[in-house]
Amino acid sequence: AAKEHTADLMRQTTDIQMESQHLELCSDVAHSFLGHFQLDADEAQALKAAFSADITMNFFKALEKVKAIHSKCHILLRNNQQRTGLEMMESMALQEESAYERLYRWTQQQCRGL
């Protein structure tokens with residue numbers, strides 16, 4: 001009976017270890033996905049700063065990443081991830097539009113100051 005109990009515990013331990021490895025892999029995939037398809041906090045802040053704040057290189061880098069993410073969404077559309085791809089494309093389009101609006105207003109403000 002003790003051998004059966006030990007064997008059962010060993011199977012459970014192995015199952016839990018395999019599940020843990022699977023969950024760790026899923027976590028790594030999710031983090032990688034977000035790294036490729038989402039702005040980090042600093043990039044989002046660079047785009048959303050007040051209209052009166054200066055436009056810096058960080059703004060343009062973040063805007064470039066938005067364009068790259070938008071472009072990468074086509075991969076999702078081709079790989080049976082249409083809903084995710086479309087939602088991300090819409091999100092990036094809104095962020096891009098907002099960034100261009102901010103750039104336009106900042107440019108107007110700078111021109112008025114000349």
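Modeller: Helix α1 (residues 2–37) packs against helix α3 (residues 57–78) at an angle of about 125°, and their axes are 8 Å apart. Please keep in mind throughout that this is a predicted model.

Biologist: Which residues of α3 make the contact with α1?

Modeller: From α1, the contact is made by Phe33, Gly35, His36 and Phe37. By class, the contact of α1 with α3 has 5 nonpolar, 2 polar and 2 charged residues. On the side of α3, the residues that take part are Lys65, Ile69, Lys72, Cys73 and Leu76.

Biologist: How are α2 and α3 oriented to each other, roughly parallel or roughly perpendicular?

Modeller: The axes of α2 and α3 are 8 Å apart, and the helices pack at an angle of about 110°. Angles of 65 to 115 degrees count as roughly perpendicular, and the orientation of α2 and α3 is therefore roughly perpendicular.

Biologist: How many charged residues are in the contact of α2 with α3?

Modeller: The contact is made by Glu43, Ala46 and Leu47 of α2, together with Asn58, Phe59, Ala62, Leu63, Lys65 and Val66 of α3. Sorted by class, there are 6 nonpolar residues and 1 polar residue in this contact, and the number of charged residues is 2.

Biologist: Is Gly85 buried or exposed?

Modeller: Gly85 is found in helix α4, and, leaving aside neighbours within four places in sequence, Gly85 is in contact with Cys73, Leu76 and Leu77. Cys73 in turn touches Phe37, Gly85, Met88 and Met89, not counting residues up to four places away in sequence. With a relative accessible area of 0%, Gly85 is buried.

Biologist: Which residue forms a salt bridge with Lys65?

Modeller: A search of the whole structure finds 4 salt bridges, and in the one that involves Lys65 the closest N and O atoms are 3.2 Å apart. Because Lys65 lies in helix α3 and the other residue, Glu43, in helix α2, the pair ties together parts that are 22 residues apart in sequence. Lys65 counts as partly exposed, at 21% relative accessibility, and the residue that pairs with Lys65 is Glu43.

Biologist: By how much of a helical turn are Asp8 and Arg11 separated?

Modeller: The side chains of Asp8 and Arg11 meet in a salt bridge, at 3.8 Å from N to O, and Asp8 is partly exposed, with a relative accessible area of 30%. Because Asp8 and Arg11 are 3 residues apart in helix α1, the separation is about one helical turn.

Biologist: What is the N to O distance in the salt bridge of Arg83 and Glu87?

Modeller: Arg83 and Glu87 are 4 residues apart in helix α4 and are therefore separated by about one helical turn. Arg83 counts as exposed at 66% relative accessibility, whereas Glu87, at 44%, counts as partly exposed. Their side chains meet in a salt bridge whose N to O distance is 3.1 Å.

Biologist: What is the phi of Asn80?

Modeller: Asn80 is found in the loop between α3 and α4, and Asn80 is exposed, with a relative accessible area of 66%. Although Asn80 is not a glycine, its phi is positive, at about 60°.

Note on methods
Residues numbered from 1 in each chain as written. Predicted model: local features only at pLDDT ≥ 70, side-chain atom pairs only at ≥ 80, totals over all residues. Heavy atoms only, no water. Axes fitted to C-alpha atoms, helices over the stretch in contact; angles between N-to-C directions. Helix = DSSP H or I, 4+ residues; strand = E, 2+ residues; numbered from the N terminus. Contact = heavy atoms within 4.5 Å. Nonpolar A, V, L, I, M, F, W, Y, C, P; charged D, E, K, R; others polar. Buried < 20%, exposed > 50% of the residue type's maximum accessible area, 1.4 Å probe, protein only. Parallel < 35°, antiparallel > 145°, perpendicular 65-115°, else oblique.
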